[in-house]
Amino acid sequence: MANIKTINVAIDSSSWKSPHDVPPSLLSLGNIGSLDIDLDACLLFAGIWTRSPITCGITLADCWAWLRYFPAFKDEKKLKFRTEWTDIDFHQKAVASDELGVGFTTWALYSILGFLSYADTNHVMKKLGTIFPINNAKKGPAKVPDYIAYDLSGNMSVLECKGTQTNQGRIWTAIERGKEQKRNVKMANGEQFIHTLAAGMFIPQDDSNEKALLAIADPESDWFRNEIKKYNPEQILGSARQVAIAKELSLFGLTETAAILAAPKEEQNNINQKIKHDFDRNQFNNVIKKDGIVAINKELIWSIPVRINAVDCIGVRFTGEMPIDELGYLTGDNAEAGLNSRIAEKTLNSKWSQENHSQGVLELKSPIGARYKIEWLK
């Protein structure tokens, strides 16, 4: 069986401007009050969306979530940390809360609302041409929200992710702060994003009597940030798509290509040349397979076996494959409008697909053609 965990879900329906604005899927989920969620997929999403779209040699997030946190959870249906997690240093727990908050909320919102990809808001705004002030906030109410997400139809939403291991009350407090951060973005010409969500994940310690909770809210949007009003929705969506793609390509060592896709508008260079440099360099390092696939492989063996779904596992392996042919849409005319148009055409009707979901194995194909595989090692 798959690595499925049960969590509680709470939807703050009163935070929407009108009860009619709450998506039916969220209303239904709120009425049920619980959700079965794929832990392996959540950790995979944490690894993809918490990493930077630009690789600069500091690869803290590359393997952090999908390798480090796999053995942290109890072998039971309810989501909870193992007893040994209690003694983990506070600072490492804080990092884990942030990482897991992203992983669980992004996968849940993909499953519930169809969000396909998540682009770092600060990179999107820089790409559009925003020059952040020297005193730009890194945290607190003035912080730019985490992500601009988009769905299969190209509708955009703002998302601020939160996470905690303290208690359920703390996640609602964090979401209240997230509401203020999320209000720092508004659509051009007064049009709001489809959703402007603040969502958070509470995962209890072993000695906690509370249940894991996914909390979601969407308060009134009577705010706006002047900078984003300079750009129309098509410009914002085009930049968000490029940043989201860059996050995936950078995993495969296509660093120059990813950097161009995520670069500020004035730093755009010839993407054809950058792709060639990436391929030449990777071929030299034997990263590109003979069958035309860029591949990565990460593996972690634990010193003590971990019991998962009643099976003793000794480690976890992550592999990723990106067929070179899938990147053909990036080449050609380098005009920004042309590139955005080709990306839109490539991702049209493309969503995440589950290729394999069995005991100890999860395989997912992303909208851009990348294939990811998680394997428990026995």
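This is a predicted model: local features need pLDDT of at least 70, side-chain atom pairs count only at pLDDT 80 or more; totals for chains, interfaces and linings use all residues.

Me: What stands opposite Ile 11?
Reply: Ile 216 in E7 does. Strands E1 (residues 4–12) and E7 (residues 213–217) run parallel there, paired over five bridges. Pairing takes at least two DSSP bridges between two strands, and strands (E, at least two residues) and helices (H or I, at least four) are DSSP runs numbered from the N terminus.

Me: In what order do the seven strands of the open sheet come?
Reply: E2-E1-E7-E6-E5-E4-E3, with mixed pairing. E2 (34–38) and E3 (117–120) are at the edges with a single partner strand each, so one side of each has no neighbour in the sheet.

Me: Switching topic: what's the volume of the second largest pocket?
Reply: About 330 Å³. On a 1 Å grid over the protein atoms alone, a pocket is an open set of points where a 1.4 Å probe fits, with protein on both sides within 12 Å along at least five of seven lines; lining residues have an atom within 4 Å of a point. Points are joined across faces, edges and corners, and the volume is the space filled by probe spheres set on them.

Me: Which residues are closest to its centre?
Reply: Pro 71, Ala 72, Arg 82, Trp 85 and Ile 88, out of 13 lining residues. Strand E8 (residues 293–308) gives the most to the lining, four residues.

Conventions:
Residues are numbered from 1 along each chain as its sequence is written. Side-chain values use heavy atoms; hydrogens and water are left out.
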